[in-house]
Amino acid sequence: MIRILLFILVFCFFYSPLFAQRRESSLSVSFPTIWSNVKVMDNWTPPTALNYKEYLDGSAFGYGVNINYTFQPRLVIKDKHFFVNFGAGYFNQRFDVSRPFNYNSFLYIPYYTEHYAYQCLNLSVGLTYEFPLGEKYFLISNLFYYQLNSFRQSYTPTYSSPNRGFDGFTQFNSDKINFGRMISLSLGVKRDLGQRLSLGVQIVSPVYTRWRNDNIFDDDPSTFSSPGFSLGTSITIAYKLKDKYQSINF
């Protein structure tokens, strides 16, 4: 999937002028942040234990930066308010859940972590709707699909109770993981800061998210988990490229 999205991104950036007229195109940098509440399986505590819980509660916080190419192919989209987006970026997904894990140590004692994170590269494709609210202001809404691929993972043990590891000695792994997918809806306002520069602020609501489970917690890596609730924000700085108008001849 990631190779297909990368091919589409490169193809549309360099070759879309050959196939479709564009009324407007732009390059933008966005900075998303997303908060979620989560539940994870407890695979370590025996079900007969007094403190056993099938699920452990916690939270998750993700942040990153994306570069997007936005354009309007007339061959596909006739409405001047709609735009197509292709992008790539970096996203760090952190989890704040107290749970045991397989810490890389010669000591055979239970290790716990209270926070762990997955650094990811992502590719995205989306649809944008813009509606003018005045001379310089626009109502803007996005529908985006993200593919997340983790290249580095970190697990920090904690010493909050006896035999719970050594605080600060974070374990870093460099596994290549098809970590997850996300579909998000967003709504906000954009303001033109000149002829080509604009600034936008949006509320982001992920409507579908799934994260691959990690075998370091004795989870089945062929299964996925999802947050209970997610909400975030995004700040976008965009630079409008020179308008292009091209005829299509077959």
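Student: What makes strand E3 and strand E5 a pair?

Tutor: Two strands pair if at least two bridges are found between them. In this predicted model, E3 (residues 82-96) and E5 (residues 111-132) share 14 bridges. So they count as paired. Their sense is antiparallel. Gly-89 stands opposite Asn-122 in E5.

Student: What joins E5 to strand E6?

Tutor: There are 19 bridges between E5 and E6 (residues 137-157), again in the antiparallel sense. Leu-121 is bridged to Asn-149 in E6. E5 and E6 also form a hairpin, with 4 residues between them.

Student: How many helices and strands does the chain have?

Tutor: The chain has 1 helix and 11 strands.

Student: Why is Thr-209 called buried?

Tutor: Buried means under 20% relative accessible area. Thr-209 has 8%, so Thr-209 is buried. Its place is in strand E9. Leaving aside neighbours within four places in sequence, Thr-209 is in contact with Arg-181, Met-182, Ser-225, Ser-226 and Pro-227.

Student: Why is Asp-218 called partly exposed?

Tutor: The class lies between the buried limit, under 20%, and the exposed limit, over 50%. Asp-218 has 43% relative accessibility, so Asp-218 is partly exposed. Asp-218 sits in the loop between strand E9 (197-212) and strand E10 (224-225).

Student: What is the phi of Asp-218?

Tutor: Phi is near 65°, a positive value in a residue other than glycine. Most residues other than glycine have a negative phi.

Student: Which residues touch the most other members of the largest nonpolar core?

Tutor: They are Phe-95, Tyr-116, Tyr-118 and Phe-179, in a core of 20 residues. Strand E1 (22-41), strand E2 (55-73), E3, E5, E6 and strand E8 (177-192) each supply at least two residues of this core. The largest share, 4 residues, comes from E5. Apart from this core lies another, of 5 residues, including Ile-34, Phe-144, Tyr-146 and Met-182.

Student: What does Phe-179 contact?

Tutor: Beyond neighbours within four places in sequence, its contacts include Phe-95, Tyr-118, Leu-148, Trp-211 and Phe-224. Gln-93, Ser-150 and Arg-210 are also among them.

Student: What share of the chain is buried?

Tutor: Buried residues make up 43% of the 250 residues.

Student: How many cavities of 30 Å³ or more are there?

Tutor: The count is 1. The volume of the largest cavity is about 30 Å³. Its lining is Met-41, Asp-42, Asn-43, Trp-44, Leu-56, Arg-99, Pro-100 and Phe-217.

Student: What makes up this lining by class?

Tutor: There are 5 nonpolar, 1 polar and 2 charged residues. Asp and Arg count as charged, so Asp-42 and Arg-99 fall in that class.

Notes
Residues numbered from 1 in each chain as written. Predicted model: local features only at pLDDT ≥ 70, side-chain atom pairs only at ≥ 80, totals over all residues. Heavy atoms only, no water. 1 Å grid on protein atoms, 1.4 Å probe; cavity = no way out; pocket = protein on both sides within 12 Å on 5 of 7 lines; lining within 4 Å. Points joined across faces, edges and corners; volume = space filled by probe spheres on them. Buried < 20%, exposed > 50% of the residue type's maximum accessible area, 1.4 Å probe, protein only. Core = buried A, V, L, I, M, F, W, Y, C linked by side-chain atoms within 4.5 Å. Contact = heavy atoms within 4.5 Å.
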